[in-house]
Amino acid sequence: MSELLPGHGGIDGLLERSRAGVHRPGPAEALEAHRLGALLVDIRPQAQRAREGEIPGALLIERNVLEWRLDPDGSHRIPQATGPELEVIVLCSAGYASSLAAAALREIGLPRATDLDGGFQAWAAAGLPTAPGGTPSLDEARILAEGRPRPDEVSPDRSPSA
């Protein structure tokens, strides 16, 4: 079993460092920033969005591909990833995973990346617009549009098409 490096403090320490010196907007402020052009990015898995609901207009980019889709210099970026000046507000369910994701975005060159304080739960509790969930993420929608089988639809004796 590996030991923690001195002063690192496990996940709580990592979370604290990811939030240090960063303004985390609440729901009303995030809504206004989104209206003014900030990207609101929902990183929750599709199943979780299906249970909890979604925010209309938020980009659905699951956590496992976030950096690749938003790196302005990356070959797998989305068109909205326009440059380092881009304001990005990441959200998850309660505002923990999104803090870590926003920190990763700052590390790849998006200094204005932050996360929604309290996540989707705080947004919904504030009475802000929500919609029924379950919409495919950007990547899932692309796979479906190309007619490729989803990973969960591929049988063990058949490999997915590239």
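**Close-up views of a predicted model**

Figure 1. Gly83 lies in the loop between H4 and S3. With a relative accessibility of 3%, Gly83 falls under the 20% limit and therefore counts as buried. Gly83 and Leu110 are separated by 27 residues in sequence, while their C-alpha atoms are 7.7 Å apart in space.

**Figure 2. Helix H5 and the elements packed against its buried residues.** Helix H5 covers residues 97-107, and its buried residues are Ser98, Ser99, Ala101, Ala102, Ala103, Ala104 and Leu105. Gly109 follows H5 and has a positive phi, near 110 degrees.

**Figure 3. The largest nonpolar core, with 19 residues.** Val41, Ile61, Leu66, Leu70, Val88 and Leu105 are the residues with the most contacts inside this core. Strand S1 (39-42), H4, S3 and H5 each give two or more residues to the core. H5 supplies the largest share, three residues. A second, separate core has 13 residues, among them Ala30, Leu31, Ile55 and Phe120. In soluble globular proteins, nonpolar side chains tend to be buried together.

**Figure 4. Contacts of Leu70.** When residues up to four places away in sequence are not counted, Leu70 touches Leu39, Val41, Ile61, Ile78, Ala81, Val88, Leu105 and Leu110.

**Figure 5. The salt bridge between Arg69 and Asp139.** The closest N and O atoms of this pair are 2.7 Å apart. Arg69 belongs to helix H4 and Asp139 to helix H7 (residues 138-145), so that the pair links distant parts of the chain, 70 residues apart. Arg69 is buried, with a relative accessible area of 13%. Asp139 also counts as buried, because its relative accessibility is 11%.

**Figure 6. Further salt bridges among the nine found in the whole structure.** Arg63 pairs with Glu67, with 2.9 Å between the closest N and O atoms. Arg63 counts as partly exposed because its relative accessibility is 31%, whereas Glu67 is buried at 16%. The side chains of Arg49 and Glu54 form a salt bridge at 3.5 Å, N to O, and both residues are buried. Side chains of opposite charge can pair when their charged atoms come close.

How values were computed. Residues numbered from 1 in each chain as written. Predicted model: local features only at pLDDT ≥ 70, side-chain atom pairs only at ≥ 80, totals over all residues. Heavy atoms only, no water. Buried < 20%, exposed > 50% of the residue type's maximum accessible area, 1.4 Å probe, protein only. Helix = DSSP H or I, 4+ residues; strand = E, 2+ residues; numbered from the N terminus. Contact = heavy atoms within 4.5 Å. Core = buried A, V, L, I, M, F, W, Y, C linked by side-chain atoms within 4.5 Å. Salt bridge = Lys/Arg side-chain N within 4 Å of Asp/Glu carboxyl O.
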